[in-house]
Amino acid sequence: MSTEATIDSVSDTPECHTAVLGGEGQVEAVGPNMLARTLIRPPTGWQLVNLRELWRYRELLFFLAWRDVKVRYKQTVLGAAWAVLQPALMMVVFSIFFGRLAHVDSGGLPYPLFVFAGLLPWTLFATAIASAGNSVVGSERLITKIYFPRLAIPFAAVGAALVDFLVAFGMLVVLMFWYRVPPTWGLMVVPVLVALFTLAALGVGTLLAALNVAYRDFRYVIPFLVQLWMFATPSIYMNTEEGSGFRVQERVQGSGFRVQQSDEPLSTNPKSKIENPKLLHSLLALNPLTGLVASFRAAVLGGPLPWSMLGWSSLEVVASLLVGCLYFRRVEDSFADII
Amino acid sequence: MLSAISVRNLGKRYRVGRGAARGSYRTLRESLARAASAPLRRLRGETHGAGEDFWALQDVSFDVQPGEVLGIIGRNGAGKSTLLKILSRITKPTFGEVEVNGRVGSLLEVGTGFHPELTGRENIYMNGSILGMSRREIDRRFDEIVSFAEVEQFLDTPVKRYSSGMYVRLAFAVAAHLEPEILVVDEVLAVGDADFQKKCLGRMRDVSRSGRTVLFVSHNIACIESLCDRCCHFAGGRLLRVGPCLDVVRKYYESSQTATDGFVELSWHKGRTSGSSPVMRSVELRDDLERPVRQVCMGEALTVRVGFVAPQTIRQPVLGVVVKTSLGAPVFGVNNRFIPGFELDCSSPQAALECRLEPLPLMPGIYWIDLWFGDAHRDIDVVYEAASFEVTAADIFGSGKLPPSSAGPVAWPATWRLCESLVEKQHA
């Protein structure tokens, strides 16, 4: 009964031209009176990522990531050193167990350096998807109380992981100095690779985040997934295809430098040979991180870049980004109702 | 003129019941099970939605003009919060559409995004950017925010060490300096102590006077009355009426009770305290002409008549009446147990008891009545907010003017005189 309600029909003044961009209900345009016009409509299903809106909210994205970083190291004695310590300690553990005890092949590279160069981007990806996956559920108060592009939440979580990565990258530089691995032109590709890792994490992270809202099972799935994925990724061991490419580094034979002798054969260690490498290979190749980690290691430590693997991985990254973001956008309208 | 907000046939449905309960989430197993049993259910001819539908909003249409301050009232579950959530784009409607012209700032809670580990300064930036302020905007208003919140000394202290008062002050301060064209506010004034509430209310008044469009949801009718031009009354997800604030508020009071015409059934009243035996059955408000009323003019008397049915005869029935403002602050109370000369002698277990409140020195507004019924020694039945009445304005001072409502709920006669001779004596 809205008889008493004054229903003035909106007389769209002719001088107010507002453009309708996309049918998804958030229409932004500025009329002559400089008022942003918004239409709020029922959800229409699949919708594209509103990049323009995300860009307008870039400061919020920055602040969310900044808060994540800041809060993570508040009241810790070591602070941001943890970003370095985590992969460093893992490197030590893996060096002892895989390098020393299991003699995992590292293509002639010092195993600690080899494993660190693999763990570093892996840690970026793993922390990013884990924290992005739980980010939306953890931001219940924000989501039920205020509007902003929901994608900002998992994006910010990935951004915070990226900050950790950059800090830990310093450690890699130190290790390279220590083992006298000279930088190569391959380093130029590193930013591209980091971008690919980030995009992969965005894709998987947003997908997990969206699924986690509807199905809290993913709270338990995510840690398990990360662990499983780690072993499916040649970050602590070497993909045989990749290994053959590494040559013994030509060490600088300068006066003050220690020359490392490499008496060990360069070929793959017979102990680590696998029964059916072909099948395992094709399975490993399905994992987009295989190509990315291999490329990262090659770029940093001076091996030849596995271009075909990288190309395949990039395709998969784009696909995961599309799936993740689109699914997120599809269900984000219901977040506030079901979270 | 282009409306600031124009709402058309808005509807919002929630699924309640199994599977997709409102406020709960599904688990994967349930979803899979549902998907697996879907063909079976279809065979059995069951309808698609196993859960019931709950319409939080239905068929709501209204317009808000630029610069207007619109109040939204209604009981819990009337759909007010859902409406605000849709307007601030937190959730999407199921039907209808809303056209909003202008930047919307919504304040459904103060301190959204505050993190206890961050310092006051950091939280100002964090919260500001969540509310939609740019960093430059926050920089510019930073000092204002800090001085409004009165937390200068604690800017670099994590807010987890703040007192709850400081926390709320800071949170509101950030929100209060939001400058959108359209402001959507939900009950945020219900936090903090009385002083702070007053400050917030003042700030809200400033905002509404600055020509911005404000949508304001509150249970505090006095706030609504003092801030809003127009008012919407929601009930059961529908817009009952919208119109000038006072009219709607009056109708709201009428509808918020079981009966009109000043008669209220008390047998099942929700304001009855636990431990009371339901002896009072009804309360009726009458004016001096014995007419049942909901309104009295300032300076008119009001009679409260309570009908009671007791298990046995109550020899000396006692009726206490407490009159409270719409904010719940008691104004005065009377009780014939304390006031001598009214020891009543009753010989029947059921009767009616009247208490005549002499001409009421109350300012215009809504007032509530609490009732205390007992015998000479103890209270038997207590019902809070048993009835309400409205005092309408009258020119009691003969000047055509009344003190502002901020001067309190009582209109009190007073006299003035000038004492020039005294001053001269003192100075001489």
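Helices H3(A) and H4(A) are oblique to each other, a label for angles that are not under 35 degrees (roughly parallel), over 145 (roughly antiparallel) or 65 to 115 (roughly perpendicular). This is a predicted model, where local features need pLDDT of at least 70, side-chain atom pairs count only at pLDDT 80 or more, and totals for chains, interfaces and linings use all residues. Residues are numbered from 1 along each chain as its sequence is written, chains are lettered from A and ligands numbered from 1 in the order written, and side-chain values use heavy atoms, leaving out hydrogens and water.

Let's stay with the helices for a moment. The axes of H3 (residues 81-101) and H4 (residues 111-138) of chain A come within 9 Å and cross at roughly 135°; axes are lines fitted to C-alpha atoms, for helices over the stretch in contact, with angles from 0 to 180 degrees between N-to-C directions. Helices (H or I, at least four residues) and strands (E, at least two) are DSSP runs numbered from the N terminus.

Now for the aromatic rings. Rings of Phe, Tyr and Trp (its six-membered ring) pair if their centres lie within 6.5 Å, with planes under 30 degrees apart counted as stacked, over 60 as edge-to-face and the rest as tilted. That rule gives 20 aromatic pairs over all chains. The ring centres of A:Phe328 and A:Phe335 are 5.1 Å apart with planes at 85°, so this pair is edge-to-face. In chain B, the rings of B:Tyr367 and B:Phe389 have centres 5.9 Å apart and planes at 25°, so they are stacked. B:Tyr367 sits in strand S17 and B:Phe389 in strand S18 of chain B, so the pair ties together parts 22 residues apart in sequence.
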